[in-house]
Amino acid sequence: MSWGTELWDQFDNLEKHTQWGIDILEKYIKFVKERTEIELSYAKQLRNLSKKYQPKKNSKDEEEYRYTACQAFLSTLNETNDYAGQHEVISETMTSQITVELARYVQELKQERKSYFHDGRKAQQHIETCWKQLESSKRRFERDCKEADRAQQYFEKMDADINVTKADVEKARQQAQIRHQMAKDSKADYSSILQKFNHEQHEYYHTHIPNIFQKIQEMEERRIVKIGKSLKKYAELDQEVIPIIGKCLDGIVKAADSIDQKNDSQLVIEAYKSGFEPPGDIEFEDYTQPMKRTVSDNSLSNSRGEGKPELKFGGKSKGKLWPFIKKNKLSLKLGATPEDFSNLPPEQRRKRLQQKVDELNKEMQKEMDQRDAITKMKDVYLKNPQMGDPASLDHKLTEVNQNIEKLRVEAQKFEAWLAEVEGILPARGEQARRQSGMYDTQNPPAINSCAQDRESSPDGSYTEEQSQESEVKVLATDFDDEFDDEEPLPAIGTCKALYTFEGQNEGTISVVEGETLYVIEEDKGDGWTRIRRSEDEEGYVPTSYVEVYLDKNAKGAKTYI
């Protein structure tokens, strides 16, 4: 089955058919392109939908996501966002692996088709030229034969006429011979051209056209195979993301299964529990006796303390049943929230105070870590004056100590209120233990010293002399043997700078992102690593700015970078 033998005379139809094949391919490319646009638009809409219902930071909605049902909804939003990402993957892969590839293939196909039909037209023009030559030779041969016949007839007529001179007869005879010779030459030329044409025609129909049509057939079959592969790829790209989409849906199902209604109910109790006792029975007031109207000692109006004034509303009974009246709106209108959260019910007040104490403790821990780092840097300056002036850090150290003292006083104040709510007397020793408990595991010498300072100072003040004492203790424990030897410390590994660091303070060293240097001292827990660039250039950089590669077998004598 070959187009060259079966369709040897269908040049024009093959030209139309192959153009139709290219049109079909371009139509499919357009279809896939519109599909990718739909996928991209759908993914964008899903992402916007997920973002629209995400809880806003520092808003009331964020607190609601403590409940398991809300957490499941949040997981659904996140999984929906991931689900949208898979549709973006479909769009990207279809664009790169189908649309772009087929567009390039179509251009190549058009060039190949153009080349084949150009060769076909050239062969057609050649055979047509040969045919024209044959027709011209044939007509010339026919004309010369007729001219020779006429000349022969004229000669015979002249020869039979007795009145014609011999010269005229000879002239007619010569003319007839010339015409016969011309007819003979035309016949030979016509025969030669005819043989040539038959040869060219045989080559055309049995060699040139079959070869060209065979190439066109192969080109068309490759186009058909290409469409088939593209259709298969179209389905495979969808199948590749189905497992991931299934995981997204499984995540939503898992989030739904994690909903715990009992836990949510307990959270409601913790969120809104006031801590008050239900009001007792209201005593009977006998208006037949001249007596004062009293309120039951068990009523909720006295549960907040004897020294506090009783809330009164329009009706007499409303003063006794005030928990069931929307009194909170009234209290909120009177002014801003008090610092001790006394406007809240006991249980809610305890939670807010505990939260405030935890926040202050975290801030205090940050300041203490900063103080320890500055203290260590100051000790380095004392041991090696060429690295920096220790006095340059005194101002910063004093500022940090002042911040720590402010935070400590603030924490003591909130701890006292918390102890009051919990019904515990605010003993100073217990407060000190609570204040230092969360830091004991990280910095026991420094924090214990601070706790002793609070015990020894009646007013809880913190002096610079005490701060210097704690600094001396840190120096004595951490740096007694660190700089005894004046020789350069050996390199214990290398490091790569992850970010650019401008070492503006004395004792620090500037590094450029991507630079490789030697490590001569690990981070001791203060957030600084000591490094060396050359024999005379070393200093400290933040540990988070470098990636350290330690070498236990490293020697001190290294070739410096």
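Visitor: What does glutamate 537 form a salt bridge with?
Guide: Its partner is arginine 533, and the closest N and O atoms are 2.6 Å apart. A salt bridge here is a side-chain nitrogen of Lys or Arg within 4 Å of a carboxyl oxygen of Asp or Glu. This is a predicted model, in which local features need pLDDT of at least 70 and side-chain atom pairs count only at pLDDT 80 or more, while totals for chains, interfaces and linings use all residues. Residues are numbered from 1 along each chain as its sequence is written, and side-chain values use heavy atoms, with hydrogens and water left out.

Visitor: Is arginine 533 buried or exposed?
Guide: Arginine 533 counts as buried, at 13% relative accessibility. Glutamate 537 is partly exposed, with a relative accessible area of 33%. Buried means under 20% relative accessible area, exposed over 50%, and partly exposed in between (1.4 Å probe, protein chains only).

Visitor: How many salt bridges does the structure hold?
Guide: There are 22 salt bridges. One of them joins lysine 226 to glutamate 101, with the closest N and O atoms 2.9 Å apart. Lysine 226 lies in helix 5 (residues 166-257) and glutamate 101 in helix 4 (residues 68-160), so this pair ties together parts that are 125 residues apart in sequence. Helices (H or I, at least four residues) and strands (E, at least two) are DSSP runs, numbered from the N terminus.

Visitor: And what about arginine 222?
Guide: Arginine 222 forms a salt bridge with glutamate 112, the closest N and O atoms being 2.4 Å apart. Arginine 222 belongs to helix 5 and glutamate 112 to helix 4, so the pair ties together parts 110 residues apart in sequence.

Visitor: Which residues are linked in a network of salt bridges?
Guide: Lys376, Glu521, Arg530, Arg532 and Glu538 are linked in this way.

Visitor: Changing topic: in what order do the strands of the sheet come?
Guide: The 5 strands form an open sheet in the order 4-3-2-1-5, with antiparallel pairing. Two strands pair if DSSP finds at least two bridges between them.

Visitor: Which strands stand at the edges?
Guide: Strand 4 (537-542) and strand 5 (546-550) do, each with a single partner strand, so one side of each is left without a neighbour in the sheet.

Visitor: How many bridges join strand 1 to strand 2?
Guide: Strand 1 (residues 493-497) and strand 2 (residues 516-521) run antiparallel and are joined by 4 bridges. Threonine 494 stands opposite tyrosine 518 in strand 2.
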